[in-house]
Protein chains: 2
Amino acid sequence: MGNGPLDVVGIGNAIVDVIAHAEEKDLVDLELTKGAMTLIDAARAEFLYEGMGAAIEISGGSAANTVVGLAQLGGHAGYIGKVRNDQLGGIFHHDISAAGVEFPTPAAIVGPPTARCLIFVTPDAQRTMETYLGASVGLGPNDIDHEAIRRAKITYLEGYLWDEPPAKEAFELASEIAHEAGKKVALTLSDSFCVERHRESFQKLIHDHVDILFANEAEILSLYQAKHFDQALQQIRNHCETVALTRSEKGAVILSRDEVHVIDAEPVETVLDTTGAGDLFAAGFLFGLVRGHGLSACGRIAAICAAEIIGHFGARPEKPLDQLVADRMGSGALG
Amino acid sequence: MGNGPLDVVGIGNAIVDVIAHAEEKDLVDLELTKGAMTLIDAARAEFLYEGMGAAIEISGGSAANTVVGLAQLGGHAGYIGKVRNDQLGGIFHHDISAAGVEFPTPAAIVGPPTARCLIFVTPDAQRTMETYLGASVGLGPNDIDHEAIRRAKITYLEGYLWDEPPAKEAFELASEIAHEAGKKVALTLSDSFCVERHRESFQKLIHDHVDILFANEAEILSLYQAKHFDQALQQIRNHCETVALTRSEKGAVILSRDEVHVIDAEPVETVLDTTGAGDLFAAGFLFGLVRGHGLSACGRIAAICAAEIIGHFGARPEKPLDQLVADRMGSGALG
């Protein structure tokens, strides 16, 4: 671990993605909930993997994807999350380190294997995610690197952590440390089913502790059990300082006190796999914030990063994000 | 293992590919031989992986890629190769089975881990491969499934096997079984450096035992230490029944006794990663042969399959090969 200032520390489930094409029929046959992230146990993971097509493996994990994107933009990032000391854990460690992200959390040497997320990508580019959390649920308060949190302008948490009590404790501890140090806390709601599982505690958390919130349309509707996007928008405005609401091809709405920005989606040639679009949106937005850009520019950088990821498989960028942003917005956007 | 007829059984090194972008400078810094496949030991593999960028993992192995492509075209394929019973071995086993290929070789339960090939892809789409053979060198004569070889119209071998004595023995045993059963033996020369290491024994092998030979330009030049493609072409004509010589964007030349066909390369939108182009060329060509097509049609199917693979990362097809071939040549090509 270094000791200079950090822009963002992400905390999340450390996961290797296993990605394969699937037909709509496969989802029905395997009884999968399309578009959702479902938690599965080891036996179900084995069963589903058997039924899955030939796959590719790419390091993933929502908050991990975000900090990797941020590092690619030129930001200084850290990550806290738990793998096992097995081959997939080695892959996760290598990939996040190779991206220039500090990753101080020691691997577990006993217990379940490194987490994996089986991702079924249908021809409409939607992803259906079945996650075996494995070693990642071993993340607890003891894994929180206090110094890293204090060094970071923003601590970024994924809603998925809320599913496991020790991870939730780690989450709360990290928020406290960040705020005591005068830093910001950001949260992504992660998944509408995750929001359903924890609606009330998320509402309280956001109201009490979250400075910057990321949510997509389904998530924010679920949070307030709202029927229309605008209803949910009016509610969240009063509960959180800065909010970025993403709406796929409809673009995004950024709210911060009296400011409102409506950002168009960046054009994409071919939508191949939407895995990671939200994670990379957050990367671009947080990068803009820590570099002191206005919210409109933050939204634009975010949209460019999100667009890069949906043109290929996997949630880690293939093209240099800093060049993409500089090409479209001028190099000042990286300053 | 099934018991119906097989079109092709491939025998090769069972390898998981670890693929990352690299700059020309990285190859120089790490002292890599650009465009070659170099064998490395465990320590060098660890060192190079440290210096490698964030990667993706995809099942690979030259002959394995070929039989997966053949299965995707609708052929019946088997594979013989050695993995360890570790996570990467599980991935290899899953992917080749999910592609519909019979894979009877038991995983090693002791010894080195599953083989991996670190592939550095430079901006010109060339791949530089550093292979740690790990468990795959455990392949020996005892792993040869006699019945599978007898059931197959063609036994397809990769030249890479020639590097390890027990694999070479397995190779020779498989050739004998195939010929005794009245079946054909095909060989790919794999790599010009591999040819250099074994030039004389390859010449003798081809002359004595190989019915169908695949080679690219560098390999066939190296085999005969020829300066010009045409020189090598005149020599190989007299040494092997059927020969397919590939020349990247210049297309391919197919020779069989008095027949000669010059096949144009299939147009490709973006050349991203040439890993597996030769393997998929062989898949298409062998598929055409076992379906009884003329050599010109075999070459065309081969060119279509090779073009699919170089537009994306990895050596396993992303698009359904049968549809691609049917779209461009009519469904008769699959009959």
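Which residues touch the most other members of the largest nonpolar core? Select A:Val8, A:Leu286, B:Val8 and B:Leu286: they are the ones, in a core of 234 residues. Here a nonpolar core is a set of buried Ala, Val, Leu, Ile, Met, Phe, Trp, Tyr and Cys residues joined through C-beta atoms within 7 Å.

Before we go on, some ground rules. This is a predicted model, where local features need pLDDT of at least 70 and side-chain atom pairs count only at pLDDT 80 or more, while totals for chains, interfaces and linings use all residues. Residues are numbered from 1 along each chain as its sequence is written, and chains are lettered from A and ligands numbered from 1 in the order in which they are written.

**Stop 1: B:Val8.** Leave B:Val8 selected and show its contacts, meaning residues whose C-beta atoms, placed from the backbone, lie within 7 Å. Leaving aside neighbours within four places in sequence, the list includes B:Val67, B:Leu70, B:Ala152, B:Tyr156, B:Leu286 and B:Val290.

**Stop 2: all of chain A.** Now show chain A by itself. You'll find 13 helices and 13 strands; these are DSSP runs, numbered from the N terminus, with helices (H or I) of at least four residues and strands (E) of at least two. The radius of gyration of chain A is 18 Å, close to the 20 Å that the globule rule gives for 335 residues, so chain A is as compact as a globular protein of that length. That radius is taken over C-alpha atoms, and the rule is 2.2 Å times the number of residues to the power 0.38. The C-alpha trace spans about 50 × 40 × 40 Å along its principal axes. Of the 335 residues in chain A, 55% are buried. Buried means 20 or more other C-beta atoms within 10 Å of a residue's own, exposed means 12 or fewer, and partly exposed is in between, with C-beta atoms placed from the backbone.

**Stop 3: A:Ala152.** Pick A:Ala152, in strand E8 (residues 152-158) of chain A. It counts as buried because it has 26 C-beta neighbours inside 10 Å. A:Val9 is 143 residues away along the chain, yet the two C-alpha atoms are separated by 6.0 Å.

**Stop 4: the sheet.** Strands pair if DSSP finds at least two bridges between them. Start at E3(A), which runs parallel to strand E7 (residues 127-132) of chain A over four bridges. Within that pair, A:Thr38 stands opposite A:Glu130.

**Stop 5: A:Leu48.** From A:Glu130, hop to A:Leu48, one of whose contacts is A:Glu130. A:Leu48 lies in helix H2 (residues 42-50) of chain A. With 19 C-beta neighbours inside 10 Å, A:Leu48 counts as partly exposed.

**Stop 6: where the chains meet.** Select E4(A) and strand E4 (residues 56-59) of chain B, which pair in the antiparallel sense over three bridges. Here A:Glu57 has B:Glu57 as its bridge partner.

Definitions and conventions: Contact = placed C-beta atoms within 7 Å.
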